[in-house]
Amino acid sequence: MSEETPPAQGVYRVFWDFYGPAAQPTAEHFKRHVDELLAREGLQGDVLGTGVEAVRAGWCAAWCDAPLEVAQKVGRALKAKRAELKSP
């Protein structure tokens with residue numbers, strides 16, 4: 001039986017990826033849903049920021065920077081596609 005390594009504490013960036021010609025406006029629209037969830041759950045003060053990133057042509061991502069516990073909560077609620085540790 002192997003032990004799973006617990007996730008590192010720190011700030012995580014959670015992503016929701018969108019592809020195709022409408023990727024940018026879709027990511028911008030989805031960011032509003034992220035902001036609405038944060039407001040509804042009273043998590044704005046726990047989040048370091050939200051935004052939209054153009055990864056490359058035809059690929060944009062909405063993102064949210066937050067501590068592990070908040071990143072997990074937001075990621076589960078809105079079905080995040082990926083996450084990365086920004087700083088320990």
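In which helix do K31 and D35 both lie, and how many residues apart are they? Both belong to helix 1 (residues 23-40), with a separation of four residues, about one turn of the helix. The legends below describe a predicted model, in which a search of the whole structure finds six salt bridges.

**View 1. Salt bridge between K31 and D35 within helix 1.** The side chains of K31 and D35 meet with an N to O distance of 2.7 Å. K31 is partly exposed, its relative accessible area being 23%. D35 also counts as partly exposed, at 28% relative accessibility.

**View 2. Salt bridge between R13 and E53.** The closest N and O atoms of this pair are 3.9 Å apart. R13 counts as buried, with 14% relative accessibility, whereas E53 is partly exposed at 30%.

**View 3. Salt bridge between D17 and R82.** Here the closest N and O atoms are 2.8 Å apart. The pair links distant parts of the chain, with D17 in strand 1 and R82 in strand 4 (residues 82-87), 65 residues apart. D17 has a relative accessible area of 11% and is therefore buried, the limit being under 20%. R82, at 30% relative accessibility, counts as partly exposed.

**View 4. Network of salt bridges that includes R13 and E53.**

Note on methods:
Residues are numbered from 1 along each chain as its sequence is written. This is a predicted model: local features need pLDDT of at least 70, side-chain atom pairs count only at pLDDT 80 or more; totals for chains, interfaces and linings use all residues. Side-chain values use heavy atoms; hydrogens and water are left out. A salt bridge is a side-chain nitrogen of Lys or Arg within 4 Å of a carboxyl oxygen of Asp or Glu. Buried means under 20% relative accessible area, exposed over 50%, partly exposed in between (1.4 Å probe, protein chains only). Helices (H or I, at least four residues) and strands (E, at least two) are DSSP runs, numbered from the N terminus.
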